[in-house]
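Dear colleague,

Please find the structure below, together with its sequence. My notes on what was found in it follow.

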Amino acid sequence: MIADVSGHRPALHLENVRRRYGGIVAVRSLNLSLAQGEFLTFLGPSGSGKTTTLRMIGGFEQPDAGSIWIKGERVDHLPPHRRDIATIFQAGALFPHKTVAENIAYGLRMRGLQKPEITARVREVLAVVRLSGFEERYPNQLSGGQKQRVALARSMAVRPAILLFDEPLSALDLSLRLQLRSEIKRLHEEHGFSAIYVTHDQSEAMALSSRIVIMNRGGIEQVDTPLGISRAPASEFVYNFIGESCCMPLVASGGEVRDRQGGAIDLKLHTPPREGEWRLYLRPSRIKMAAAAEACENSLEVQVGFVEFLGESYRYHLRAGALEFFCDNPAPHMPRSEIA
Ligand code: ADP
Ligand code: MG
């Protein structure tokens with residue numbers, strides 16, 4: 001039995017969970033706890049082990065080693081239907097020949113609920129996802145977004161200890177994705193369920209999560225709040241993966257800074273780099289452009305290459321020696337002369 005110092009059992013606990021496929025390590029020794037009511041997101045590039053982890057939690061995949069606990073009960077030897085969870089997949093996976101009401105009722109009947117209770121719960125969850133009145137529709141009479149809301153209602157109806165989401169919005173177009181994302185956020189705020197969410201979309205992870213787990217090559221790079229991840233990335237990988245970044249490979253030698261081809265770079269830093277090779281990273285949104293004559297604390301003299309209009313801002317592509325990078329400026333006004 002696993003409990004924290006206050007005696008509360010986490011909704012989910014993973015201990016040294018591992019999974020390989022032949023020679024490929026899909027998930028390497030994962031340790032993690034999900035508090036009750038927490039919304040935890042696995043975020044990472046394709047192939048980083050997110051789905052494999054989710055499938056092991058759901059019971060669709062066996063770990064090679066380690067243990068999985070739901071509310072203090074060890075479950076890694078149990079089949080999916082014996083675990084107190086419900087999964088929402090990318091494409092809702094509704095039964096096509098059952099109505100909306102029958103789709104939701106199915107899992108409740110499986111769990112042995114009686115008819116009046118089932119009817120009440122179907123009505124309640126349809127109201128929760130704002131689909132009251134859709135009881136008798138068939139899946140092919142629903143839009144993509146409505147289908148996903150039914151899938152969500154169906155999962156919530158069984159009141160599982162944990163809701164698992166595997167990229168539930170990735171098959172929808174942008175406006176619907178944003179709308180449903182807010183809907184999931186609202187439902188979590190109002191109902192406080194515990195959730196594990198998998199996505200490769202960082203804005204989705206940022207908007208929804210209590211905490212984010214950044215995955216890379218089957219391992220955890222960082223676990224933190226969305227703000228913590230974006231303000232204090234724990235590794236070079238996380239810095240590059242979250243938000244946009246520009247990389248400047250530099251060599252500092254004898255008080256001078258050069259690009260890796262040996263070209264001189266007019267870089268003045270508040271804290272000059274120590275001797276050696278460096279990769280200096282910048283957020284393009286944090287770079288400020290100014291005329292060469294203007295004094296700045298940290299400055300780099302550059303030439304402007306070309307400019308892209310991005311709708312809300314202008315992206316300036318810049319050069320300094322062999323370095324190429326870009327920055328975003330809200331306005332297009334730039335002096336044509338040298339820019340620092
Ligand atoms: P993600 O969901 O982050 O894209 P996955 O968990 O699907 O990543 O995959 C992690 C790694 O395991 C990848 O290298 C993938 O190719 C491999 N993998 C996943 N499922 C299988 C499988 N059934 N057979 C062989 N390799 C697999
Ligand atoms: Mg996946």
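In this predicted model, there is one cavity of 30 Å³ or more. The space inside the largest cavity comes to about 50 Å³. As background, empty space left among the atoms shows up when a probe the size of a water molecule is rolled over them.

The lining of the largest cavity is formed by Ile 88, Gln 148, Leu 152, Phe 165, Pro 168, Leu 169, Leu 180 and Ile 184. Two helices, α4 (144-157) and α5 (174-191), each contribute at least two residues to this lining. By class, the lining residues comprise seven nonpolar, one polar and no charged.

I would also draw your attention to the backbone. In general, most residues other than glycine have a negative phi. Lys 71 has a positive phi, near 45°, and is found in the loop that runs between β4 (65-70) and β5 (73-74). Lys 71 counts as partly exposed because its relative accessibility is 37%, which falls between the limits of 20% and 50%.

Glu 167 likewise has a positive phi, near 45°. Its place is the loop between β7 (162-166) and α5. Is Glu 167 buried or exposed? Glu 167 counts as buried, because its relative accessibility is 11% and the cut-off for buried is under 20%.

Yours sincerely,
A colleague

Notes:
Residues are numbered from 1 along each chain as its sequence is written. Chains are lettered from A and ligands numbered from 1 in the order in which they are written. This is a predicted model: local features need pLDDT of at least 70, side-chain atom pairs count only at pLDDT 80 or more; totals for chains, interfaces and linings use all residues. Side-chain values use heavy atoms; hydrogens and water are left out. On a 1 Å grid over the protein atoms alone, a cavity is a set of points where a 1.4 Å probe fits but cannot get out, and a pocket is an open set with protein on both sides within 12 Å along at least five of seven lines; lining residues have an atom within 4 Å of a point. Grid points are joined across faces, edges and corners, and a volume is the space filled by probe spheres set on the points. Helices (H or I, at least four residues) and strands (E, at least two) are DSSP runs, numbered from the N terminus. Ala, Val, Leu, Ile, Met, Phe, Trp, Tyr, Cys and Pro count as nonpolar, Asp, Glu, Lys and Arg as charged, and the others, Gly among them, as polar. Buried means under 20% relative accessible area, exposed over 50%, partly exposed in between (1.4 Å probe, protein chains only).
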